[in-house]
Each structure stands twice: as C-alpha cells, then as structure tokens.
Amino acid sequence: MKKGPASVEFKNVVKRYGAVTAVNDVSFAIAPGELVTFLGPSGCGKTTTLRLIAGLEMASEGRIAIGGKDVTGLSAADRDVSMVFQSYALFPHMSVVENVAYGPSVQGAGKARAREMAMDKLSLVGLEGLENRAPSELSGGQQQRVAVARALVLEPQVLLFDEPLSNLDAKLRRRVREEIRELQLSLGLTVAYVTHDQEEALAVSDRIIVMSNASIAQIGSPRELYDAPSSRFVADFMGDANLIPVEVGAHDGAFAKILIGRREMRVAHRGIPPGSAYVAVRPHQIAIEARSATGGSLEGLISKAAYVGDHMEYRITLAVPKLELFATAPDVVSPLEKGSEVAISFDPAGLVLVSGD
Amino acid sequence: MNRVTRLIALAGVGAYVLLPWYSSGEPALASYPFGASGSALALAVSGAWWLLPLALPLYACLHIAWRGTWNERNADWLSLCGFSGLAYLLVEGFAIGLHGWNAEWLGSVFGAPGPSQPGMGIGALIVATTLLLLGCRGLARKGWCRGDAFIVCAIGVIGVLLAAFVFFPVVKILASAFTDNEGHAAFASFLAKITDRSVWGLGCLGGGIACGVAWNTILLAILTGLASTVLGLAFALIAVRTSFRFKALLRAMTVLPIITPPFVIGLALILMFGRSGAVSAFLFRGFGIPPSRWIYGLSGIFIAQVLAFAPIAFLVLVGVVQGISPTLEEAAQTLRAKRFTIFRTVTWPLMRPGLANAFLLCLIESMADFGNPLVLGGNFEVLSTKIFFAVVGAATDQGRAAVLSLVLLFLTLAGFAAQQLWLGKKSYTTVTGKGDAGLSLPLPNSLRCACYALALPWVLFTFAIYAIIFVGSFVKAVGRDYTPTLASYAIAFRVEHTNFGWFFSGSAWPSLVATVEIALIAAPLTAAIGLLTAYLLARQDFYGRKALDFAAMLSFAIPGTVVGVSYILAFNVPPIEITGGALILVICFVFRNMPVGVRAGMAALSQIDKSLDEASLTLGARSFTTVARIMIPLMRPALVASLIYAFVRAMTAVSAVIFLVSAQYNMATTYIIGRVDAGEYGVAIAYSAALIVFMLAVILLIEALVGERRLGRRTAIANIAAAPA
C-alpha cells in the first residue's frame, strides 16, 4: 500500500497545562509535499505544536486533521506521522539497523522484511556498512541520519523534525539541512520542522510559521516574512531589524510620507493608517559615511565597532531621534573608529513600515 | 469491538458460570456445581440470591463486546457496566458476612440474622478483575490516558491493589481502635487506651517505675539515629575522601546487614555479652568480673540497632559526600580558605540536609524494628514488641494492639513526613550532567584521625559479630565449650537415607522450603508491580497520580508490626479471607517491599530520556510494546536491584510475618526466633549462618542470570540528550 504525503490542518487548536496556555487558538494548513517551519523564540509553543501533530500531546480544544481525516483523539501510535527528535532518541540497547527496523517490527512485519526495509532507508541516508554499530559508536551527524532513516522507514504521511540540527556543530548544520531539504524534495514529503534559528528556517522552508507567545505571529514564504513583516515582533525576530518610531503622514496611492528625525521619506504604507508606527531597517541597509555637510541625512556617533571577519558591526547612537542603531558594513579594509561622527542614510526601498502595536 | 475486550468479557462470564465462587479449604467436587465449591450462577439460582444481580453487568459487557461497534457510546456503557458490577460485588461482599449481615442497621431493616457467606474465592477474583479491566478499557476508548488501554488498566489494577492491601488494612486498624472488642463504637475506651500511663507515663524521670513505651521507643530511636548517622558519616568520609586501602571492606559491611535477618545481630550480642557469652565468660575467668544482664535492655537494643542501621546511614551519606561538587571546594581554595575552614564553611553545610535525611531514616528504622527488641528487650519495652504481646500474649487485646499500632504509625509517619516534606526540596546535591574536572579535597588531619578512630574499631566489632555467628554454629556452646561439632547443623539440616529414599528429617527443612518458595513467588511480583508503578508515576499523567505515589510510599512508612496487626484485622474475615495460607505472606511481602522497586524504577527512568518512549510511540508501538521492548531492557539494573531486594527481604523479614505464619507455612525467621525463645542458640545460629550464605549465593546468581546492562551505549546517549539545545 503506497500512500502519498498528506496535508496537516489545525483548526482553533488550544493546548493548556493547568493555568498555562502553551498553544492558543492556532489555525494553519500544511499542503501535501510542503516543508513548513515553525520558528520562534524558546517557549513560544512551536515544539508543543509539533507534538500536537505527532499525537504526543492531546489538544485541549480544536480539531487536528491529517490527510483530511480527523485525528484529534488518536494517540501517537495510531497516527501516520514520524518524528525526528532533538536528542535523536536512538534506542541505546539496539544496533543501528535494529533501531531503524523497530517501526516495521512493532507493526508486525517479519524479522527479515523489517530488516530489509531498514537497510533500504539506511542506504538512502548513506549509512550502509554501519548497520551493526551501536548508536553511541557513531558521530553526531551519523546519529542524526539514523534518526531520519528510522522516521522514514514506515513511509509516514507526515514527517516531523524537532530542532534536528541543534546538537550538531555549526559546519555540519549547513550540510545536514541541505540533505534534509533534498530528501524532502526528492521523496515529496510533507514536513513540519521546528527551529529557533531564522537563517535555518529561511534556508529550508517553503513556508514559515512564526510563533510568539503561544500564537501565530505570521505565516508566509521566507521572502514575505523577511520583506513584509506584519508586526514589530516578526520584523525584529527575522534579521535583527532596527525599529525606529515614526509618524506616518497622509496616504498617497500605495505610499505615505514618514518623518524620521527631521528627515522626510516616502515609503510603501502597506495599509498602515496615518499616526505613529515603526519603520524596520535591516542592519545591512544602513549606509554609513563620514560626516559631511549634505543635508537630509541623520547624524550619529559610532559607540561600538567590532570586526567579525567578513564585515564590520557598528552600534550608532543617534541624537535625533534619540536611539541606537545596529548596522553592518562590508568595508573591513578602512573601518570607522569608535567615536567617529557619521552621517547615515537609508535606501527607501529597504524600509518597511510596521504597525505600532 | 476488539478481540482482547471480547476475551476478557468471556473470561468474566465463564468464571461466573463455572468457577467456584467462594474459597473453601477442600474442593467439594461431589456437589459441584452447587455446595461449597459451587459456581456463582449455580449458587445464585439455589438460594444465594445476592449473587444474581452480578449476571446483569457481566452479560451486558459480553453483549457489548461481541455485538457492539467500538464507539464512544458503547465505551460509556462498557465502563458503566464494569464499574457498577465491581461496586456491587464490593457492597455485597462487605454487607453479608460469615454470620449474617455485617452491620446492625441492615439487620434491623431486613431482619436479622440475614444471609451468610464465606470469603471470596477464585471465581469472585476473576469476575472482579474482568469487571475492572472492562471498565478501564471503556475509559481508554473514551480517550483517557491518550486512549491507551494498557495504561488505564495498569492504573486501575494497581490502584485497586493498593487500596485493598495498603489503605484498607490501615482503615481497619483505625476502625478497630475506636471500637471495643464486641464491635461497638467506643471513643472513651480509645481515649483511655491511647493516654494510658503504660504508653506515655514519665515515671522513670522521678526514679520510679519504667517510662511509657512511646517514650522508650522515641528515646531509643533518637539515640540509634544519632549514633548511626555519626558512624555512617565517618565511614562515608573515609570511603570518599581518603586513600584508605581497604574500601572493599566498607562495601562488604554495607551488604552484610541487608542479608542478615534483623534479630541475628541481637542473637550474636547475646552470644558475646550474655550471661554465658564468650566475652562475659572471658572477663569472668580472666578478671573476675561477674557476668550480668546489662545486654538485655536499652543498651543491648541500641548496640544491635546501630550495628544494623549504620550501614543504611553510610549508603545515604556516601551519595551525599560524592554529590558535593569538588569545584565548590576548589573555589573556596582559590579564595584562600584553609582546609579545615573549607570543611566547616562549605563541605559541612552542603552535607547537612543529607545528614538529617540519614538520621530520619535510621530513626524510622529503629522505631519499626521488631527483631532486636524481641530478642534483647528484657524489661525494656518498645511499641513494636508491646503490640506483638498484645496480640499473641496471655492478655490478648486486639483493640489495645490497634491503639498501640496507631501510636507507632503516627510516630513513623511523622518521621517520614518530616523527611519527605522538609528535606525533599532541600537537597544541595550538586551533581550535574556536565563533566566536573575538579578534585575533591583530602580531609583535614584532625578530622581524618577522628573518622578512623570511630570507624575502625566498629569494623572490627562488626566482623567479630559475624565471626561469632559462624564460629558459634560449629562449636558445642559458645562461652563454655568450644569443641568443634556439626551437631547444630545436623539437627537443623539432617538428610537421611531410608528405605523409602532420601528423607529431609532436619527440623529446619519445612520452614526453609516454605520461605524460599514464598520468596521466589513474591520477588518477581514485587519487582513487576514496583517497576510498573514507577513507570506510571514517572511517565504518565493521570488523575490520582499523587494519591498513587502517596499510597506506594505509605506502605514503606508503615512498620512491619503494624502491617501484621492490620492484616490480621482486615483479612481474617470475609470478603477477603486469606489468613493462614501462603497467599497472605506473598501479598504482605509484595506490598511491603514494592516501594523500593518504585524508587529504583523512578531513579532509572529519570535517567532514560523521555524522547525514547515518544520515539517508540510515534513508530506505532503502544505502551505495552514500549515497556516490553524499550523500558525493560534499559531498566535492567533497577530490575535486578528490586528482584534481589524483594527476595532477600522476603527471606529475612520478621515483624509482619510473625503475625501471619501458620503451621503449614512457618517462615525461617519465625522458626529461628522460636529456637531462641526455647534457648536452643546452637540451632538458631546454625540456621542463621546457613541463611546468610544461601542469600549471598542467590544474590550472585540473580546478578549472573539477569546480567549487566550494556552501559557504554547508554552513557553516550545520555550525554547527547543532556546537551544544551
């Protein structure tokens, strides 16, 4: 029996632990064959959401459907979902192949059949020849692949990843995340993926669900989230944007006038009404020059300067409006010194208005 | 409807229709299916009308299981039928006793004396079990415990067992304390008994008659607790913080008391210091010091208990001393503190909660101890022996035994509550998952000398105690005649070759066989129930989890003597009438020793990352499969520990058992105490020595059979799991 990837649908799902609400009225849909990332700071409810899909937690309210079938009351053992755990959760008393064959064997497959299925998936993740090792005899990256092979062996309709890269070192992370994405695309899997690393999320996802305080802050493609954050939280979380309080003037077509300090600019208003709001500026979209007489730019002082290899990081204190900006500059050959007086300017195309609340 | 549910329902109906409902000594086959061994259905239609209503829930369950679809409405019906049937079974069982109605008001409403029935038997047991399981399966289908039938059934079964064999007997004690011997409520006599001079009297302070037993018990417990803790600390410091060369010796000292029946140390003390003891005789011959009876009384019990319980304090304190992170002391060192200053200001405060813990444990053990006071007590009475003599002595008074049991229970529970509440949250154990590269400081010199001065003589004393047991068992009479002989062993363990084959004619054989048989049955049951309870408590979330935890721990805090009395009160009459057989001994052991299995299991589970269960679950394995294939292999050390503990405790227990033994099932320990009572010390110590050797052999055998876990793999995974996210 060959089953394809399935959709996942949450309708107004709530999960409470006593007085604490871990997931509050969350609704979303994951299309078949799509990789969706749950992104957010720790404690935002993203892992709980993943565990709700798996059936490891039961929803306090709302409905959950997988492949169009209501699974709200079904336990994890009855859902066609597999999970790759943050700790990998490899059974330490079993060899690699026994770990991978565990799923088919508890489902009633014969010993030989289970082993055959396991070997099949082990070769898929490139671990042939290591099948008789104990998990502890493998490197972190290899253990991670065993965990993936074990999750894939039952060919689940939905595959879940709970921060799969957090136990790997930085170099390995990039490679493993590429492998996961490749595998997902080639097998056409539906994947839900939890991470707190925005770069990782941007790199692997079809769509990203940003969570904050137990609810969804924004759903969108990586580009939408980066370029058009719907709130201060998303703008701040996706790429450390500087948030500058501004006054939005009257709308003029798709644009509106804003005032930063004494400087007036014209930006897309994105439906934000006139009044106070914020404008998000990415660190790399701030142009820094030594102070000159050209009017219209903002005046500031470099309060901190750090050389981080391929670029410079600056903290700039502005006098009007009174705030501190975080900026990066590619020029590492002739960096600005701490204490330099500078003039900064923004490319209007790089400014994004977000609402004040 | 699924197959398991059908089979359970079928088993219930089958037991109702076919199996003997009541327990009867001999199976009465002639009159079957009627008469003493009659089935519930046959009896119900032939006069025992109160069994008839049970047919309804049983049939309803069978009908739902066979015909119904497995939907929520039928699940509602199934749990309703299961639990209401079980409730009816209990009500009926408690309402109708051996001599008619059990309660007067029933007699006045329906007419005395009313119907009568004996204790429940195999049929009733199976029907009750199936009704419980069916009810639980119904609840599981409705989504309890994530719809996991195995978990719901396990919770149900363990809950019912604890209620029946831990709570119910305690309630019986309470009830019995508040009624007179005719069964009427008598609050005044309760007050009189509990405030009696013999319990709380302070006569000894004025130099007059003896103090009350409660004060005796408390005084003894505090002295024993303090001395055991000090000794245990000295041993622990030597074991962890010095380069003492014979640390294996210390380890051996911690194993010996576990496999030594509790009164054997008392016995050895008599052989040394009694009127005709080895040391007494030596002193008399050499120095003309006349032998006296000083060993009988507070001093003797105190020495015996310290010998028995100092190793417990040692085991606790070794963990505490090891748990102090050397980094803290190194930090103090870099702040230029001297060695003694560091011990006084850093090490000692960190150990204080552990010391209090060890003290309270020894306090509780001392109050619960029965064997040593029985052997060495003399005129010095403590609660546990007083309770015993209130039950078996010339002036039998069950009400008085119940009241004294309440006092003792209150004292141990107070100690236990103090240990749990006060210390539970106040542990400074500083072991973390992270590698700690620090080196612990050696002890300051003065302290090290003090430790050695305390510990080494005590080690020698302990070995003298065990030596005298083994030497004594091979000589004619310790203290008088040291001619080597095997006479004592011959009396106890003679095997003769007769015309009819080999004949085990030694006097000890029947009790030894019975003891081993019961211990072998009880040990696996204890380990299974203990570890299953640990799994439920550590891994599952359900209503009543706290209550289950409390009940499992409660049976640990109830002194054996109290358990013995309460079991007699609770299980000597229908509906659960099991005294006088092997069953009550097995049950008593299972529920007295289960808390250790629970603790061992919880400790093991806390080291097994929860994601392992979850991984198994998401791969389609249900809880039962997960427990069988993931948990049990990983919990093997806890399994071995509980098996050994349960076996050894069943072999060495005295306090509860002495109330429950029967002619057919006499236990080794009670047999030995009988020999001591009769003055046959030779046989008693020969038997004791044989028991100790036998248990050592069994422990080694169990360890070899169940085997070591493959440790290397686990630690590596634990490190991965502990890595910061």
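**View 1. A:Arg270 is found in a loop of chain A, between strand S13 (263-268) and strand S14 (275-281).** Helices (H or I, at least four residues) and strands (E, at least two) are DSSP runs, numbered from the N terminus. This is a predicted model: local features need pLDDT of at least 70, side-chain atom pairs count only at pLDDT 80 or more, and totals for chains, interfaces and linings use all residues. Residues are numbered from 1 along each chain as its sequence is written, chains are lettered from A and ligands numbered from 1 in the order in which they are written, and side-chain values use heavy atoms, with hydrogens and water left out. The phi angle of A:Arg270 is near 50°. That is a positive value in a residue other than glycine. Is A:Arg270 buried, partly exposed or exposed? A:Arg270 is partly exposed, because its relative accessible area is 36%. Buried means under 20% relative accessible area, exposed over 50%, and partly exposed in between (1.4 Å probe, protein chains only).

**View 2. A:Ala89 sits in the loop between strand S6 (81-84) and helix H2 (96-106) of chain A.** A:Ala89 is not glycine, yet its phi is positive, near 50°. Its relative accessibility is 2%, so A:Ala89 counts as buried.

**View 3. Chain A has eight helices and 20 strands.** Its C-alpha trace spans about 80 × 45 × 35 Å along the principal axes. The domain assignment gives domain 1 (8-227) and domain 2 (240-355). Domain bounds come from an automatic or database domain assignment. How far apart do the C-alpha centres of the two domains of chain A lie? They lie 39 Å apart. Of the 357 residues of chain A, 50% count as buried. Chain A has an accessible surface of about 15600 Å², and carbon and sulfur atoms hold 50% of it. Accessible areas come from the Shrake-Rupley method with a 1.4 Å probe; for residues, only the protein chains shown count as cover.

**View 4. Chain A carries 37 positive and 42 negative charges.** Their mean positions are 3 Å apart. Lys and Arg count as positive and Asp and Glu as negative; His and the chain ends are not counted. The place of a charge is NZ of Lys, CZ of Arg, CG of Asp or CD of Glu. In chain B, the mean positions of 47 positive and 29 negative charges are 10 Å apart.

**View 5. B:Ser642 lies in helix H28 (residues 636-652) of chain B.** Which residues does B:Ser642 touch, not counting those up to four places away in sequence? The partners are B:Ala527, B:Leu531, B:Gly597 and B:Ala600. Contact means heavy atoms within 4.5 Å. B:Ser642 counts as buried because its relative accessibility is 4%.

**View 6. Chain B holds 32 helices and six strands.** Its C-alpha atoms fill a box of roughly 85 × 70 × 65 Å, taken along the principal axes. Buried residues make up 52% of chain B. The domain assignment gives domain 1 (3-142), domain 2 (213-429) and domain 3 (509-722). The C-alpha centres of domain 1 and domain 3 of chain B lie 31 Å apart.
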